[in-house]
Amino acid sequence: MNKRIAVVGQGVIGLTCAAELLEQGHSVDIFSKDPFPETNSMSAGAYWWPHKAYPQRRVSEWSRESYHQYLELKNTPESGVHFEKHYRFCIDPDDCAYVLDIVDHWERIDGADYGIDCYEAFLVTLPVIDVPIFMPYLKSVVQDKGGTLTTREIDAPESLFPEYDMVINCSGVGARQFVDDSRVFPIRGQIVRASLPEGLRESTRLYRKQDEFTLILPRSGEMVLGGTSQEGDWDRAPRQSDTDEIVQRCSKLVPGVADAEILGVSVGLRPGRDEVRLEVDCNSEGQAIIHNYGHGGGGYTVAWGCAREVADLADAYFTSGTN
Ligand SMILES: Cc1cc2nc3c(=O)[nH]c(=O)nc-3n(C[C@H](O)[C@H](O)[C@H](O)COP(=O)(O)OP(=O)(O)OC[C@H]3O[C@@H](n4cnc5c(N)ncnc54)[C@H](O)[C@@H]3O)c2cc1C
């Protein structure tokens, strides 16, 4: 089956969908209003664990599927995916600890052994997705399969018909304007990039229910210090006050952070929504849009599972003869 499909969005959600649809034999063009290096996805850490992504049952299934995809990708070093130990100290019970059912290796640890007074703590081996390596890799996979990437703002999904047989809406926080969805809101995430203390490989997260997102995440040649999780804040400019607080919080948690050199600061907007919108939306003329947005702080964790569901929905739509 070879249909013409337009994907709106070149973040991790758009590109994983494009990869799956190309795999099914479709022609896929991917549009983005932001140049590829400036999407919100490029500002993430990232590691596999959902944060502010709902509903739990679907997120759990998508996370499982993505975990298995990352297990495969770790055998391709140029993908930037690797598995590392992650210390998770939970001051409050972690709403997303359900994903422990998915992973191959985890154990309970005692926070007191690490000088941390917490409700519970885990040592778990997780996929780390080294974003500055992974995203260009994903882009090249899509291009190698024949997908085209264009920087262009699209006014509305309907404007892409009849040139395309289907539109996939992966516009992230931009969905608020793009499809006029007032349930979408930004969750501002500022991170600091710092030099990597020698030998540090494992990541550490201090979790609180209403937290600032304290995280130390080593990746290739540097570490990411997190962060902020500011709901309703659209500002993508870095703030010195946030940087100071992030470095101070992370320094308390992991020795060596205080002496690290700051290499840069970046800000991305996580696409918040009370639940991910992943569904087919058919207008009165039978034109189909598949929406796939609102993944909050879990886009990398669920991307592959969502992309496969999108590809299955597209397949079902085309084979039902509606188009
Ligand atoms: C600091 C930070 C740390 C994070 N850490 C993690 C983590 O460890 N693990 C994890 O799983 N997730 C993490 N996330 C969340 C994750 O990055 C997001 O869930 C994910 O990037 C969302 O991807 P997206 O493709 O939907 O959105 P985006 O990356 O925002 O992409 C949206 C795309 O749509 C395009 N677009 C929008 N409107 C239009 C239009 N009208 N016309 C054309 N194009 C349009 C944009 O230009 C862009 O290309 C983090 C996020 C941040 C900010």
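1. Within how many Å do the axes of α1 and helix α3 (residues 131-144) come, and at roughly what angle do they cross? The two axes come within 9 Å and cross at roughly 30°, where axes are lines fitted to C-alpha atoms, for helices over the stretch in contact, and angles run from 0 to 180 degrees between N-to-C directions. That makes α1 roughly parallel to α3, given that angles under 35 degrees count as roughly parallel, over 145 as roughly antiparallel, 65 to 115 as roughly perpendicular and the rest as oblique. The contact is made by Val12, Leu15, Ala18, Ala19 and Leu22 of α1 with Met135, Leu138, Lys139, Val141 and Val142 of α3, two residues being in contact if their C-beta atoms, placed from the backbone, lie within 7 Å. These residues divide into 9 nonpolar, no polar and 1 charged; here Ala, Val, Leu, Ile, Met, Phe, Trp, Tyr, Cys and Pro count as nonpolar, Asp, Glu, Lys and Arg as charged, and the others, Gly among them, as polar.

2. A word on the basis of these notes: this is a predicted model, in which local features need pLDDT of at least 70 and side-chain atom pairs count only at pLDDT 80 or more, while totals for chains, interfaces and linings use all residues. Residues are numbered from 1 along each chain as its sequence is written.

3. Helix α1 (residues 12-23) also meets helix α6 (residues 299-319), and their axes come within 8 Å and cross at roughly 40°. That makes α1 oblique to α6. On the α1 side the contact includes Val12, Ile13 and Thr16, and on the α6 side the residues include Gly299, Tyr300 and Ala303. By class, the residues of this contact divide into 13 nonpolar, 2 polar and 2 charged.

4. Helix α6 has a further partner in helix α2 (residues 56-73), with axes that come within 6 Å and cross at roughly 100°. The two helices are therefore roughly perpendicular to each other. Among the residues that meet are Val59, Glu61 and Trp62 in α2 and Thr301, Val302 and Ala303 in α6. This contact divides into 6 nonpolar, 5 polar and 4 charged residues.

5. Turning to the ligand, 41 residues surround it, and the closest are Gly11, Gly172, Gly174, Gly189 and Gly299; a residue is counted if its C-beta atom, placed from the backbone, lies within 6 Å. At least two residues of this shell are supplied by each of α1, β2 (27-32), β8 (185-194), β13 (262-272) and α6. The shell divides into 15 nonpolar, 22 polar and 4 charged residues.

6. For the chain as a whole, there are 6 helices and 15 strands, where helices (H or I, at least four residues) and strands (E, at least two) are DSSP runs, numbered from the N terminus. The C-alpha atoms fill a box of roughly 60 × 40 × 35 Å, taken along the principal axes.

7. Some details of the backbone deserve a careful look. A cis peptide bond, with omega about 0°, joins Phe161 and Pro162, and Pro162 has its place in the loop between β6 (148-151) and β7 (166-169). The peptide bond from Gly226 to Gly227 is cis as well, with omega near -20°, and Gly227 is found in the loop between β11 (222-226) and β12 (230-231). Lys52, a residue other than glycine, has a positive phi near 50°, and its place is in the loop between β2 and α2.
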